[in-house]
Amino acid sequence: MLLLKPVGATMQNNPDTTLVTQTAKMAASTHGGRAKCLQRLIRLDLPVPKTVALSFSAVSKIANGELPDIEAVLSQFPKDALLCVRPSSEDADWGGPSAVLNIGMNDYAYAELCAQLGTDGATAIYTRFVQSYAINVARLDPDMFDDVVASGSEGLSETLRAYEAETDEKFPSDVGTQLAAVLRSMARAWDGTSARLLRQGKGAPAGAGLGLVVQQMAFGVGKHQSGSGMFQLVNSDTGQPQITGRYLRQSQGLEALFQDAEAMYLTRDPRGPSFEELEPELFETLKAHAALSRMRLREEMQLEFTVDNGKLNILDGIRVTRSSRAAVCIAVSLANDKIIPRQEALMRVEPLSLNELLHRQVDNDALRDVVGHGIAASPGAATGTLVFTAADAQAHAAREEDCILVRRETSPEDIRGMHAARAVLTERGGVTSHAAVIGRGIGLPCVVGVSNIRFVPSKKQLILADGRILEEGEVVTVDGTSGQVLLGAVAMQEAALDDAFQTLMEWADEERDIGIRANADTPADAQTARNFNAQGIGLCRTEHMFFEASRLTVMREMIFAETSKDRRAVLERLLPMQRGDFTELFRIMQGQPVSIRLFDPPLHEFLPADRNGQRELAEALDLPLSDVTRRIEAMREYNPMLGLRGVRLGVTVPEIYEMQARAIFEATIVASRDGASIVPEIMIPLVSAKREVELVKTRVDGIAAAVRVEQDADFDYRLGVMVETPRAALRAGDIAQHCAFLSFGTNDLTQMTYGLSRDDAGRFMSDYVQQEVFAEDPFHTLDIDGVGELLKLGAERGRKTQPNMTLSICGEHGGNPESIAFCREAGFDYVSCSPFRVPVARLAAAQLAIKDKTG
C-alpha cells in the first residue's frame, strides 16, 4: 500500500478541499466551472450525489507531489462508497483529463455489488475499472489486455492477471491508494506539454488551472430500473427547442449512449422505444429539472443523469455544446424569455463566429481527406472541379457546373472567373492579397498561400506533398474557414440567417456607437451590403468596373491613345457605362453615403501579358503586333505598386479622373430624381502631398460646375483622401485643408509602413509569428503600435485643421473587432469592411459599447 503523507490541515479549515454545499465558498475561478455548476445545482435542490471539490491550488500542489489529506476527503463519503473523479477547468472548452469511475473497487466491493446488482453487472464494473485505471492512471499500454478473451468472472480474473504481469504487483485494493494515484495522474496530465498546447489553442491562458471533483458514484446498473443518460432542452445545431439526448439501461458514463444500439430516445419516437414511455414520471421530473436549471442558471444546460434502482440522480450539468447558429438562437431566446438582458445576449455571441452563419461550411462531422493547407483568406466552403483559367471557370458556370478556380495568384483580369467559380485556390498571397480581398467582398471561399501543394498551371496540375497528382476536372473542396484543401466532395452545412440572427443584429445596432459601412465595387456587392444593413459604402473601387469584356477593349484603346484629345474621345465611350454603374449603386443605397475611390491601379494591369492576348489586342486596335508589344514593354515598371498609379495617374493623365467625376455627378442627378437626395463622396487614392489634392480638386470642382450648368441642376458632393502612405498620415494637417474626410486605407498603409509586399509576406509570415518577430500578421490584425500610431497622428493633425473632419478606415482591418476598438478610442466616425463582414463588425461594435457602459 502507498504510504500517504497528508499536507496541511483538515477539510474543515482548508479552502483547497471543499465539500460542495449550498453555502461552501468556491468559484469557477478557483475551483473550476464543473465544481461551481454542481454547487448551483445543489442550491436548486436537485438530487446531486455528495461531492468534494479540489481547488486549482490543491491540484497544482498534487502535480508537485503534495497530496491533500486523503483520509479527510474519504471521510465525507459513506464507508465503502465507490467514487469518481472528474476534471473541473475554468472553461469547459479547455478540456481536461478523462474522468475515472468506480474508485474504491476491490474484491470486497465486488462481493457487495454482486449481492446488490448481480454478478454480471458487478463483474462489468470491476473489469472496466481495472482497465481504466491501468490505461489512464498507471499509463500502461492498452494492448496489454488484447489477450483477455474470456468474459464474465473469468475475464475479470484474466484482466487482473494481465495487470499484475505488466506491473509486477497486485492491483491496488485500498481506496486511499487508488484515489491518491488518480488525483496525481490527472494533475500531472493537465501539466503535460500536449495538454497545455491543446487548451492554449482553444484560448486558455498559459497558467490556466485545473480543479478536480470527487463524487460518490450513483450507479446506472442495478436489479431494478437503472441506466444513464444525457438530457437537454435544445438542439445543439439549431438552438431551437427540442428535447435531445439518449438513455441506456444498465450502463455507466456517456461514452456508449450514442454508439450502443440499445440506447433509447428520450421522447416518444416512431423509430424506437423511449425513456418517456419507460419511465414517464422520471421523464417529467427530469424535464422540470432542466427547465429550472435554464431559468435559474440563465443558460441552456445539458444534464448528465443516472437512474439507480428507480432513483434519479443528476451527476453533472454543463453548458450545452452549440454551433454558431445555435449560439445566436439560444442567446436571443434567453433574452426574449426575460432570463437575461439583451446586452448580455449580445455579449454571449463571439463576433467572428457569425462567419459560420453567413456562408456554407464543411459539416463538423464530415470526414476530411486533407491534401493541402494555406491561409484561410475568405470564409465558407465549396466543392467543385478544378479549373486553371478564368475563361474555363466562366465556361463551367455557363454549363451550370461547379468549379474551383486555381491560380498562382489572381489579378484584376480574373474577376469574371472568380465570380463564376465556387471558390478560389492560390499558391501565393496573404490575407490582403487580391484573391483574399475580392473573395471576402463577394462571399467567395478562398484559400491562399498554399505552401504544401505544387502548382503546375502549364500542365493544369496540382502535385500533392505525397506525390499524387490532381488533374483538371478532379473534384476538391476548398474550406476557406480553416484554410484546408480536401479531396472530393464532403457534407456541408448551409448558411443560416434566420429570425434570431436578424433580431440579434437589430439589438446590436441599438447599442453600438460607431458607424459600419461596406466596401462594395458592384451593384451585387452593394445589394449585399444593403441586406446586411450597412450604413453606406465606405469604399467603391472603380477599377473593377473596367474589366468586363465590353469595356476592357475600350480601356486598352484609351491607354494606347497618343494625345489628350484622343484619350478624351475614347473615354466618352466609357462615360455612359460608368454613369450607369454609379446610378445603380446610388439607387440601391437609397440616399446612404457612397464613397467612390477614383481610378487607382497602374495602367499596365489592363494590358495582356501573354503573346496570344497581345496578338488579339493588336487585331482589335488595328495596330502592328510589334507596336503593341513595344508599348506594353515601355509601360512596364520595376515596382508598379509604387509607380504610376492612384493620384499620380490623376495628375499626369487627368482625363480619366475627369470622366469619372462627370459620371459620378451625372449619376447623382439621375438617382436623386428617383428618390432620396444623393451626396456622393469622391476619394483620391495614394496621396502623399497637398499639391496632388489641390490639382485634382481643381479639376473635379471644374467638372462639377460644368455639369451643374449643362444639367441645370444643383447637387452637393464631398471630396476626401484615402490615406495609404506614411507621408499622407504625417502631413494630414496640410492635406485636410482641401478635404471633407480622410479614410485610412490600412492595406497599403501597412504594406508601406513595414516595407512588406502583402502578396508575398504569406511565405514567411507564419515563421515570423511563431518566432515572435510579430505578435500577429499585421495584414490580418491592425498593428496598433506602428500603423496605429500613424492613424492617430493623421487623425489628430487632420482634425486640428478641420475639427469636423470625418475619419474612417476602409482597409480589410475594418471588420476586425480589435481594429474597431482602436477606431472607437481614436474617435473615428466609421469603419468600412467587406459586405459579408458587416454583421461581424456590427456585433463587435455593440460589444465594445456595452463594455464601456458596464465597466
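The buried residues of helix α12 pack against β6 (227-234), α11 (280-297), α13 (342-347), α14 (355-358) and α18 (499-511). Contact here means heavy atoms within 4.5 Å. Buried means under 20% relative accessible area, exposed means over 50%, and partly exposed lies in between (1.4 Å probe, protein chains only). The model is predicted: local features need pLDDT of at least 70, side-chain atom pairs count only at pLDDT 80 or more, and totals for chains, interfaces and linings use all residues. Residues are numbered from 1 along each chain as its sequence is written, and side-chain values use heavy atoms, with hydrogens and water left out.

Helix α12 covers residues 324-336. Helices (H or I, at least four residues) and strands (E, at least two) are DSSP runs, numbered from the N terminus. From its first C-alpha to its last, α12 reaches 19 Å over 13 residues, close to the 18 Å expected at 1.5 Å a residue. The expected span is 1.5 Å times one less than the number of residues in the helix. The helix is mostly covered, with 10 of its 13 residues buried. Among the buried residues are Ser-324, Val-328, Cys-329, Ile-330 and Leu-334. Several alanines are buried too, including Ala-326, Ala-327 and Ala-331. Just after α12, Lys-338 takes a positive phi of about 65°.

Most residues other than glycine have a negative phi. Asp-80 has a positive value, near 70°. This residue lies in the loop between α4 (70-74) and β3 (83-89). Asp-80 counts as partly exposed because its relative accessibility is 47%. Glu-772 also has a positive phi, near 60°. Its place is the loop between α30 (765-770) and α31 (787-801). Glu-772 has a relative accessible area of 69%, so it is exposed.

A positive phi also occurs in a hairpin turn, where Asn-309 has a value of about 50°. The hairpin is formed by β9 and β10, with 2 residues between them. Strand β9 spans residues 301-308 and strand β10 spans residues 311-319. They pair in the antiparallel sense over 8 bridges. Two strands pair if DSSP finds at least two bridges between them. Val-307 has Leu-312 of β10 as its bridge partner.

Gly-152 belongs to helix α7 (residues 152-167). At 39% relative accessibility, Gly-152 counts as partly exposed. Thr-127 is 25 residues away along the chain, yet the C-alpha atoms of Gly-152 and Thr-127 are separated by 8.9 Å.
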